[in-house]
Amino acid sequence: MLQQTKDNVQLFKNVYTDFVDLSSAANTIKNYTSNATSYDTMVTELGYEAPRDVAFLTFELSKGKPVEILDVACGTGLVAERLQTLGFIGEIDGLDASSGMLKEAKAKTLYRNLIEQTVEPEVNLPFGDKLYDIITCCGGLSQSHMSPDTLDVLLKNLKADGFLIFTVKNNKANAQYLLELDKKLSSLETLGKFKLERFVETQYLEVDYGEGTDEFGNVPKMMAKMYCYKKC
Ligand SMILES: C[S@@+](CC[C@H](N)C(=O)[O-])C[C@H]1O[C@@H](n2cnc3c(N)ncnc32)[C@H](O)[C@@H]1O
């Protein structure tokens, strides 16, 4: 566990205040663009491991085949970087609302195509009837980011039997969002749109300074839920 130092408390606050505006999704996207060049350094400092976990599962499910992946809310490309490290041989298209984050991703030359689009409920992605084998969304489903209703939009471009893999922060601050997400997931399962294939609790960040301390005075880790659904 990271020691609580003035520096990492400040860094944690910066990640949230520099990037996320809880009252405005549009401002949040602008913030990602303004601070895109610092994103990788900041989240790495704070032990951001979700892209690694998403990449591991994606790689496992791709079974060594040259599958096509759509990485939604791809940001600077951390999921693609991890996939490359694992020896992934397929193609990855990335989509994100922030031009600045996409510029960072482009510089890594890991994506076949990078598309700038805000994912919103009932607005189709710009892929027509193209279907992907796997859709990933690491850190995109959150307050002031993509609402739970955007899952319908993602499913339209996923093959039958394809996998939708995503993370969501699991802490008190995200409680309301988690409730809405649970409702959406249950409704999609009931409608027979997809089935839960895998679920794990994983580390999101090494520290969660918004949640107080445990009985020993340690700052808890920020946890995430990672879901993998198979489209019916
Ligand atoms: C926490 S970052 C995650 C980036 C990357 N997947 C990663 O794990 O490092 C969230 C990303 O979601 C993007 N984003 C936020 N709202 C979005 C929306 N409605 N549609 C598309 N991208 C969005 C932001 O621009 C940002 O790049």
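1. First, the terms. On a 1 Å grid over the protein atoms alone, a pocket is an open set of points with protein on both sides within 12 Å along at least five of seven lines, and lining residues have an atom within 4 Å of a point. Grid points are joined across faces, edges and corners, and a volume is the space filled by probe spheres set on the points. By that count, the second largest pocket has a volume of about 270 Å³.

2. A word on the model. This is a predicted model, in which local features need pLDDT of at least 70 and side-chain atom pairs count only at pLDDT 80 or more, while totals for chains, interfaces and linings use all residues. Residues are numbered from 1 along each chain as its sequence is written, and side-chain values use heavy atoms, with hydrogens and water left out.

3. Now the largest pocket, with a volume of about 640 Å³. Its lining counts 43 residues, and Tyr32, Ala73, Gly139, Gly140 and His145 lie nearest its centre. By class, the lining of the largest pocket holds 25 nonpolar, 14 polar and four charged residues (Ala, Val, Leu, Ile, Met, Phe, Trp, Tyr, Cys and Pro count as nonpolar, Asp, Glu, Lys and Arg as charged, the others, Gly among them, as polar).

4. Which elements build that lining? At least two residues each come from α1 (6-19), α2 (25-34), α3 (36-45), β1 (68-72), α5 (78-86), β2 (91-96) and β6 (194-205). The largest share, four residues, is from α2. Helices (H or I, at least four residues) and strands (E, at least two) are DSSP runs, numbered from the N terminus.

5. The ligand takes up the space of the largest pocket (more than half of its atoms lie within 2 Å of the grid points). Around the ligand are 19 residues, with Tyr39, Tyr48, Ala73, Asp96 and Cys138 coming nearest (a heavy atom within 4 Å counts as near). This shell divides into 12 nonpolar, six polar and one charged.

6. A side-chain N or O atom of Tyr48 is 2.6 Å from a ligand oxygen. Ligand nitrogen atoms feature in the others: one is 3.2 Å from a polar backbone atom of Ala97, and a backbone N or O atom of Val119 lies 2.8 Å from a ligand nitrogen.

Key:
1 Å grid on protein atoms, 1.4 Å probe; cavity = no way out; pocket = protein on both sides within 12 Å on 5 of 7 lines; lining within 4 Å. Polar contact = N/O pair within 3.5 Å; in protein donor to acceptor, adjacent residues only side chain to side chain.
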